[in-house]
Amino acid sequence: MNSKTEKLLKLMRFLAWLAFIGLLIKAGAIIMSFGVSIQNPEAAKDLYKGMDLSRYADYNFANYVIIVLCYIFLYLMQAYIALFMTKLLSAINMEKPFTQAVVDLLKKISVTIFGVWILAMLHNAHVIGLEKYAQIDAAPFASEYIFLAGIVYVLAQLFKRGVEMQAENELTV
């Protein structure tokens with residue numbers, strides 16, 4: 001195997017682990033800050049690294065809870081994707097890259113990214129509704145997750161076809 005490719009895969013696996021750990025820390029920090037903000041509403045002004053959700057807490061506590069939960073689930077789902085990436089990068093064998101394990105991991109990544117998109121759309125509808133009816137400045141999530149989910153799904157289908165072609169090739173030899 002090409003040592004450059006092998007080194008690159010190891011580096012990418014390391015970076016995926018860093019992303020996984022970082023996203024878990026971020027979600028944990030928001031959970032802890034949220035717990036503090038329940039007792040001390042002033043903490044909602046700087047929930048995590050300048051994240052000011054006090055306008056939602058001041059308007060309605062239930063809406064504040066929903067928005068914080070959306071942030072927590074967003075980061076946890078992104079961490080889950082990073083975990084799948086570490087598994088994917090570990091499963092790739094450059095001698096035979098088309099395996100069912102890789103296809104399954106790509107599908108799981110695609111479905112999880114699609115779930116992140118659904119969460120982002122629900123969050124965005126909620127904060128835009130609050131902006132419209134309560135005159136609170138909205139802070140929507142990015143919405144390009146659907147595009148990313150589609151790309152990963154297409155890759156999964158390509159790898160699935162690669163597995164089929166590899167199996168046919170092994171039968172003919």
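So, how much of this protein counts as buried? Of its 173 residues, 35% do, where buried means under 20% relative accessible area, exposed means over 50% and partly exposed is in between, with a 1.4 Å probe and protein chains only. Before I go on, this is a predicted model, so local features need pLDDT of at least 70 and side-chain atom pairs count only at pLDDT 80 or more, while totals for chains, interfaces and linings use all residues. Residues are numbered from 1 along each chain as its sequence is written, and side-chain values use heavy atoms, with hydrogens and water left out.

Okay, the overall layout. We have 5 helices and 0 strands, and along the sequence that reads α-α-α-α-α. Helices here are DSSP runs of H or I with at least four residues, strands are E runs of at least two, and the numbering goes from the N terminus. The radius of gyration is 21 Å, well over the 16 Å from the globule rule for 173 residues, so the protein is more spread out than a compact globule. That radius is taken over C-alpha atoms, and the rule is 2.2 Å times the number of residues to the power 0.38. Along the principal axes, the C-alpha atoms fill a box of roughly 70 × 30 × 20 Å.

Let's look at α1, residues 3-39. Its 37 residues should span 54 Å at 1.5 Å a residue, and the end C-alpha atoms are 55 Å apart, which agrees. The expected span, by the way, is 1.5 Å times one less than the number of residues. Buried residues in α1 include L9, F20, I30 and F34, and part of what covers the buried ones is α3.

Now the middle of things. Nonpolar side chains tend to be buried together in soluble globular proteins. Here the largest nonpolar core has 43 residues, and I30, L53, Y56 and Y71 have the most contacts inside it. A core like that is a set of buried Ala, Val, Leu, Ile, Met, Phe, Trp, Tyr and Cys residues joined through side-chain atoms within 4.5 Å. Which element gives the largest share? That's α3, with 14 residues. And I30 touches, among others, L47, M51, V68, Y71 and Y75, leaving out residues up to four places away in sequence; a contact means heavy atoms within 4.5 Å.

So on to α3 itself, residues 61-91. This helix has 31 residues and reaches 45 Å from first C-alpha to last, close to the 45 Å expected. At its start, a side-chain oxygen of N60 comes to within 2.7 Å of the backbone nitrogen of A62.

Last bit: rings. The whole structure has 8 aromatic pairs. Phe, Tyr and Trp rings (the six-membered one for Trp) pair if their centres lie within 6.5 Å, with planes under 30 degrees apart called stacked, over 60 edge-to-face, and the rest tilted. Take Y71 and Y75: their centres are 6.4 Å apart and the planes sit at 35°, so that pair is tilted. Both lie in α3, 4 residues apart, about one turn of the helix. Y71 is buried at 10%, and Y75 counts as buried at 10% too.

Then there's Y80 with F84, centres 4.4 Å apart and planes at 55°, so tilted as well. Buried or partly exposed? F84 counts as buried at 6% relative accessibility, whereas Y80, at 44%, is partly exposed. And F34, F61 and Y64 form one aromatic cluster.

Key. A polar contact is a pair of N or O atoms within 3.5 Å; within protein, one must be able to donate a hydrogen and the other to accept it, and residues adjacent in sequence count only if both atoms are side-chain atoms.
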